[in-house]
Amino acid sequence: MAYKTTATTRGGRDGRAILDGGTLALAMALPKDMGGAGDGHNPEQLFALGYSSCFGSAILAIARQHGVDGQKARVTAEVTIDKDDTSFGLSVAITVSIPGEDRAKVEEIAHAAHQICPYSKATRGNIPVTVTVA
């Protein structure tokens, strides 16, 4: 095992989430778009932060293999929650840009990063994820 973390939430989407050890605690709130007060964070925001960060690390690893400075990369993860056939479902749109680099090379790097990113592996076949180069 390389790493493990644990979080506990009380009150669900309108509660409080805290990491073990207390290093991060967040007020959670249902988004206004879903009928809530929107005065806290929500799981989709946290998922977007985690996915964009993790995908960015995958970009760094792959870019290095292609002689590209991955530190210049910008990775945006747009997470959407919507009604599906049974309840709610997520989808993710990843957008990658590396200023000053050839678009075809960035597309190759982004595709390869999508293959190794742990979030991409976890979501593959479970939710729609698109990867686009800007």
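Student: Which conventions apply to the model?
Tutor: The model is predicted, with local features requiring pLDDT of at least 70 and side-chain atom pairs counting only at pLDDT 80 or more, while totals for chains, interfaces and linings use all residues. Residues are numbered from 1 along each chain as its sequence is written, and side-chain values use heavy atoms, leaving out hydrogens and water.

Student: In what order do the three strands of the open sheet lie?
Tutor: Helices (H or I, at least four residues) and strands (E, at least two) are DSSP runs numbered from the N terminus, and two strands pair if DSSP finds at least two bridges between them. Strand 4 (74-83) and strand 6 (129-133) are the edge strands, each pairing on one side only. The pairing is mixed, and the order is 4-5-6.

Student: Over how many bridges do strand 4 and strand 5 pair?
Tutor: A hairpin through four residues joins strand 4 to strand 5. Within this pair, Ile81 has Leu90 of strand 5 as its bridge partner. The two strands run in the antiparallel sense, and the number of bridges is 10.

Student: In which sense do strand 5 and strand 6 pair?
Tutor: Val92 has Val129 of strand 6 as its bridge partner, and Ile94 has Val131 of strand 6. Strand 5 (residues 88-97) and strand 6 share five bridges, and the sense is parallel.

Student: What angle does the direction of helix 2 make with that of strand 6?
Tutor: Contact here means heavy atoms within 4.5 Å; axes are lines fitted to C-alpha atoms, for helices over the stretch in contact, and angles run from 0 to 180 degrees between N-to-C directions. Helix 1 (residues 43-65) lies across strand 4, strand 5 and strand 6, at about 145 degrees to strand 4. Helix 2 (residues 103-116) packs on the sheet and touches strand 5 and strand 6; its angle with strand 6 is about 155 degrees.

Student: How many disulfides are counted?
Tutor: A disulfide is a pair of cysteine sulfur atoms within 2.5 Å. The cysteine sulfur nearest to that of Cys54 belongs to Cys117, 3.6 Å away, and Cys54 is in no disulfide. The count is zero.

Student: Is Cys117 buried or exposed?
Tutor: Buried means under 20% relative accessible area, exposed over 50%, and partly exposed in between, with a 1.4 Å probe and protein chains only. Cys54 counts as buried because its relative accessibility is 18%. Cys117 has a relative accessibility of 0%, so Cys117 counts as buried.
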